[in-house]
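This report goes through the structure shown below, chain by chain.

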Amino acid sequence: MLILILKKEWLESKREGRTLWLSRIILLLLACALLSSWHSYQQLQIQKTQVAKSERERWLNQGEKGPHAAAHYGVYIIKPDTGLSVLDPGLTDYQGAVLRLEAHKKNDTLFRNIQDSIQMQRFGDLNSAFIFQTLLPLLIILLGFNSIAAERESGTLKQLLANGLNPKTFYMAKVFALSGLALLLFVPVVLYIVYWLLFGDNITADRSALFIVSYIGYLFIWALMTLIVSSYAQTARSALISLLVIWALGCLLLPKFAIDNAEKQYPTLSSQMFQSKLESEIYTPERQQAIAKFKQDTLDKYGVDNVDQLPFAWSGAQLQFGEKFSDKVFDRLFGQRQMQLEAQSLHYQSAAIFSPFIAIQTISMAAAATDFAHHQLFSNAGEIHRRSIQATLNGDLKDNGLTTRNRSKNYQGDHHLWGKIPKFSYKYPPIGQLTSNYGRAVICLILWLVGLISLSYFAIRRIKNEGQQ
Amino acid sequence: MKNDAQTNVISVTHLSKHFAEYQAVNDISFTVKQGEILALLGPNGAGKTTTINCILGFLKPDAGSVNIAGINPAKDVVAARKQLAYIPEQVALYSKLSGLENLTYMSKIAGVNKTTEQFRQLLNRVNLPEHATDKPVGSYSKGMRQKVGIAIALAKSAKALILDEPTSGLDPSASHEFSELIQKLAKEGVAILMATHDLYRAQEDAHAVAIMNQGQLVYSLDGDAIKEAQLESLYLEHVRAVSTC
């Protein structure tokens, strides 16, 4: 009976111009989004590879230079992308792809206004994720709102029931037909991912599996929701209105409200305020006192009266001491800031219990490594690299600064020193290790599925009881 | 009502059904035997459709019982529905599908396994014009839709046929054609329950007539008495009598 109903649904859909045209429009949009994202991704990867290569060459061939001067010129590191970022660019455009590592400063592209929060004002930006998360549910609604309600309205439901229709099979066939159609539109994405897994790089099976399974679950949720509403609605028109309200709330209003609420609950300083707070807390009288104490302790330790008598270049030791002093301030202030942003993110994720859109958005960005958490991971790796560079350059200055006649001020590092700084390379960890960043969203998505499958029992009962009102 | 030796296909015994304060059906009993056509007459709100819905298993009776070929729909609705076919006032069909596709789909839902050719022959048997068979039902007249409905009943080899206002809105010619079809079905042994306002059709076609008013069965007659009766006068008399009580 299931196949029979599916065949009939397919036949009707085929003859229904609406289905064909809506599917064509979505496919066209998807093709445009995929091609455009693919093109941008390819261009970006070429640029990133070239920039990383030329930046490394510049560093290694910068000639003779004071190590501290080199530290101030800094090193530029490039944030890696996964192949899935083509499908879901997430916050990429808001976070930047390049990080400058220099002395005394912890730069982060988060210090742009648009990155002060996890706000994702991406509507209107045509990408695959937008199509899957926002437009495909709308398509499911437009294709399925009348699926059961219209059968009720036209009387075919009663006719079928009188002919011995099994309501459960009927409902399941409707679910399969509707979700099958939506999943058909998802096939190009699955093919893209499989192709990328086989022939590309920057993509892993675990992330791909999470991405695909979550989207299948998400589309299934919308198919179930559409059919449940359709089975309860007296008319197709009331089903459509109810579903459009649910869609607008779930995909447009609730996410916006959840973001605003998260920002209110866990406020962060603006970029400018944060920068000035950093500077005011680093360059303090306490810092001067700490340096003076460090100087005195060092002189005492070596039993000398001034730094010129030390067996190493004082400037290198002092710079490294200053770095460590700043690092503590960075760790504290950036740590606080990161905690607030993580709290915002978790708060936002929790709202997924009210909106499957929030759940899929979170999971999708996590799988594609385009969320705040992955940016933070990259940023943290960059900071570790920055500190390592400073330690190496300051250590070299301290150890070798005395070999020059005019002491450390004129000491010049050369390609041997630059070569000691390893090339920065970063790969995102397996997605399984980052469940704290998207776990709530996964749970919410599962809860939505379980909840709607449970509600389907009542929808089937409603179909079974057709004619009783 | 027709011949006691014949099997009762539809048995309604002391059936009652109420909705909130409204007593839609109040302790009614009747039977429809194999090959018998029972016309259930009554004004709007008399309880005809509620009775039909109880027979079809869409409503559970408050009291009394319904039996379709030995099966109580309140206990096993699927098995009971397999024994009957239902044709509402407006035969509900899928407008994008052809008559043949509708017949095939509805019949297969009912567990009927026939070839396309056999389904085509069924449509031919109910006099659906051949050129219409493969056309979308959306372009059918009401009479043509009724024919597809009867073809569905034929395909099911239903023991009972329930008709709710079958001739309402049909032109005289289509109404006559419909009448011939159900007479043919009755001769083949199908028990037919027809709720109708059409007194002429009832008098022409039915082997038994029952008049309902305000949920009660207020009058019934069968056999040759139907043809001889002044049905309209009887109808008005019994409907008015109860209404003024």
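## Confidence in chain A

The model is predicted. Chain A has a mean pLDDT of 87, with 94% of its residues at 70 or more. Residues 110-124 of chain A stay under 50 in pLDDT, and the model gives this stretch 27 contacts beyond four places in sequence.

## Helix 8 of chain A

Helix 8 of chain A covers residues 167-199, which is 33 residues. From its first C-alpha to its last, helix 8 reaches 46 Å, close to the 48 Å expected at 1.5 Å a residue.

Helix 8 of chain A also has a bend of about 40°, placed at A:Phe186. A proline, A:Pro188, follows within four residues of that position.

## The sheet of chain A

Chain A has an open sheet of three strands in the order 1-2-3, with antiparallel pairing. Strand 1 (75-78) and strand 3 (105-106) are the edge strands; each has a single partner strand, so one side of each has no neighbour in the sheet.

Strand 2 of chain A spans residues 98-102 and runs antiparallel to strand 3, to which two bridges join it. A:Glu102 has A:Lys105, in strand 3, as its bridge partner.

## Overall form of chain B

Chain B contains nine helices and nine strands. Its radius of gyration is 18 Å, close to the 18 Å from the globule rule for 245 residues, so chain B is as compact as a globular protein of that length. Along the principal axes, the C-alpha atoms of chain B fill a box of roughly 55 × 40 × 40 Å.

Of the 245 residues in chain B, 51% count as buried. Taking the contacts in chain B between residues at least 6 apart in sequence, 71% join residues at least 24 apart.

## Positive phi in two loops of chain B

B:Ala69 is not a glycine, yet its phi is positive, at about 45°. B:Ala69 lies in the loop between strand 4 (63-68) and helix 2 (77-82) of chain B.

B:Glu165, another residue other than glycine, has a positive phi near 50°. The loop that holds B:Glu165 runs between strand 6 (160-164) and helix 6 (172-187) of chain B. B:Glu165 has 17 C-beta neighbours inside 10 Å and counts as partly exposed.

Methods: Residues are numbered from 1 along each chain as its sequence is written. Chains are lettered from A and ligands numbered from 1 in the order in which they are written. This is a predicted model: local features need pLDDT of at least 70, side-chain atom pairs count only at pLDDT 80 or more; totals for chains, interfaces and linings use all residues. The expected span of a helix is 1.5 Å times one less than its number of residues. The bend at a residue is the angle between axes fitted to the seven residues ending there and the seven starting there. Two strands pair if DSSP finds at least two bridges between them. A residue is buried if 20 or more other C-beta atoms lie within 10 Å of its own, exposed if 12 or fewer, and partly exposed in between; C-beta atoms are placed from the backbone. pLDDT is the predictor's confidence in each residue, from 0 to 100. Two residues are in contact if their C-beta atoms, placed from the backbone, lie within 7 Å. The radius of gyration is taken over C-alpha atoms; the globule rule is 2.2 Å times the number of residues to the power 0.38.
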